[in-house]
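Please open the model in your viewer and keep the sequence panel beside it. The stops below are meant to be selected one after another.

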Amino acid sequence: MKKALPALLLACVVIFIGCRSGTGNRYGSGPASAPWQSRYNDKLLGPVTPDQLLREVNLRPDLIRAGSVGRSWFRPMKPRYITIHSTQNYTGNAYNHALALKRGALRATKRKGGNRIGYLTWHFTVQDNVAIQHLPCREQGEHADFDGPGNNYSIGIEMCEHKGNDLALTIDKTARLAAYISYVYQIPLSNVVPHYHWPRAGASPPNKNCPHFLMENGRPGSRWRWFLGRVQLHYKRIQTGQARSLG
Ligand SMILES: [Zn+2]
C-alpha cells in the first residue's frame, strides 16, 4: 500500500492538471464563456428606433478628405459584408487613428496582388465611448485581403485596444454599430465576419488572427459566436423606422 501511494498522488496531480487545461475549452460554451458578458445588463435593453441605436453608438463622422491620401481614387462599393478587426495598437485611440488616416500616415507598399493604393483604410474605429467614421460605406477600404472580396464588398470596423480603453464597452458598441449597418444595408448576420474570414494571398498565415481577443487558437470559435449573438441581440431591438444612410 505504501508503494502505491506515490503512484496515487501522481495520478491525482495528472487529473488536476488535466482539469485545469480543460478550462480553456469552456470558453464560449455559454454566455459566461466570454469574460465580458458579466459587464452587461441585457435585461435593461429595450426596443429602439434605428436613430436611437445610432445614438447609442455615438457615431462621429470624420471622413478622410475625398480625393486625398487613402481616398485618392474613388472606388465605389455595394456593401455585402461587415468585417470586424482589432487595432493591436496599444497606444492609439480612435481619434489618433482618425487623424492618422486623414494625414495618410498609415502607408503600405502598393504592389500587384497586394495593397492597391499605398495606404491602409477602413470605415469605422470604435472605442468605449465613441465610434468614428473614416470612409462612406459605399466606398471600398483597404483593410482585409488586398484585391479580394473582403476589401471589394465589406465595411471594415476596427476595435481599439489602447491602455485605459474599456474592451467590454468597445465590443458591445461594435455589436450595436454592426447591427445598425446590417439593418441599413440589409446585410445578413452570416455576413458579419472576422478579418480571419478573408485569406490574404501570399501572407503567412493567410488567415489573420484578427480580432485576436475574439478568436480561439487563432480562429473563430465560441467567442466569435458569442459576439455574433450580441450583434443579433441589438438587431432584434430595432423597430422599423427611418434609418440614416452612412454614405
Ligand atoms: Zn484585421
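Begin by selecting helix 5 and helix 6, which cross in a right-handed sense. The coordinates you are looking at are those of a predicted model, and the descriptions that follow should be read with that in mind. Helix 5 covers residues 167-185 and helix 6 covers residues 222-237. Their axes lie 8 Å apart and pack at an angle of about 55°, which means that helix 5 is oblique to helix 6. To see the contact itself, show the side chains of Ile-171, Asp-172, Ala-175, Arg-176, Ala-178, Ala-179, Ser-182 and Tyr-183 on helix 5, and then those of Phe-227, Arg-230, Val-231, His-234 and Tyr-235 on helix 6, which they meet. Coloured by class, the contact of helix 5 with helix 6 has eight nonpolar, two polar and three charged residues.

**Helix 5 and helix 2**

The axes of helix 2 and helix 5 come within 9 Å and cross at roughly 150°, so helix 2 is roughly antiparallel to helix 5. The crossing of helix 2 and helix 5 is left-handed, whereas that of helix 5 and helix 6 is right-handed. On the helix 2 side, select Pro-50, Leu-53, Leu-54, Glu-56 and Val-57, which meet Lys-173, Arg-176, Leu-177, Ala-179, Tyr-180 and Tyr-183 of helix 5. By class, the contact of helix 2 with helix 5 has eight nonpolar, no polar and three charged residues.

**The largest nonpolar core**

Next, select Ile-82, Val-126, Ile-157, Leu-177, Ala-178 and Phe-227, the residues that touch the most other members of the largest nonpolar core, which has 39 residues. In soluble globular proteins, nonpolar side chains tend to be buried together.

Apart from its neighbours within four places in sequence, Ile-82 is in contact with Ser-154, Ile-155, Ile-157, Ala-178, Ile-181, Ser-182, Ile-187, Asn-191 and Val-192.

**Cys-160 and its surroundings**

Now move to the loop between strand 5 and helix 5, where Cys-160 is found. Is Cys-160 buried or exposed? Cys-160 counts as buried, because it has 26 C-beta neighbours inside 10 Å. Leaving aside neighbours within four places in sequence, the contacts of Cys-160 are Thr-87, Asn-93, Ala-94, Thr-125, Val-126, Gln-127, Asn-165 and Thr-170.

**Backbone details in the loops**

Select the loop between strand 6 (192-194) and strand 7 (215-216), and look there for Pro-205. The peptide bond from Ser-204 to Pro-205 is cis, with omega near -5°. Pro-211 lies in the loop between strand 6 and strand 7 as well, and the bond from Cys-210 to Pro-211 is also cis, with omega near -5°.

Two residues other than glycine with positive phi values come next. Phe-146, in the loop between strand 4 and helix 4 (149-153), has phi near 60°, and this residue counts as buried because 20 other C-beta atoms lie within 10 Å. Asn-217, in the loop between strand 7 and strand 8 (219-220), has phi near 50°, but Asn-217 counts as exposed because it has 7 C-beta neighbours inside 10 Å.

**The whole chain**

Finally, zoom out and colour the model by secondary structure. The chain has six helices and eight strands, and from the N terminus on they run α-α-β-β-α-β-β-α-β-α-β-β-β-α. Of the 247 residues, 35% count as buried. Among contacts in the chain with a separation of 6 or more, 73% join residues 24 or more positions apart.

How values were computed
Residues are numbered from 1 along each chain as its sequence is written. This is a predicted model: local features need pLDDT of at least 70, side-chain atom pairs count only at pLDDT 80 or more; totals for chains, interfaces and linings use all residues. A nonpolar core is a set of buried Ala, Val, Leu, Ile, Met, Phe, Trp, Tyr and Cys residues joined through C-beta atoms within 7 Å. A residue is buried if 20 or more other C-beta atoms lie within 10 Å of its own, exposed if 12 or fewer, and partly exposed in between; C-beta atoms are placed from the backbone. Helices (H or I, at least four residues) and strands (E, at least two) are DSSP runs, numbered from the N terminus. Two residues are in contact if their C-beta atoms, placed from the backbone, lie within 7 Å. Axes are lines fitted to C-alpha atoms, for helices over the stretch in contact, and angles run from 0 to 180 degrees between N-to-C directions. Angles under 35 degrees count as roughly parallel, over 145 as roughly antiparallel, 65 to 115 as roughly perpendicular and the rest as oblique. A crossing is left-handed if the near helix is turned anticlockwise from the far one by less than a right angle, and right-handed if clockwise. Ala, Val, Leu, Ile, Met, Phe, Trp, Tyr, Cys and Pro count as nonpolar, Asp, Glu, Lys and Arg as charged, and the others, Gly among them, as polar.
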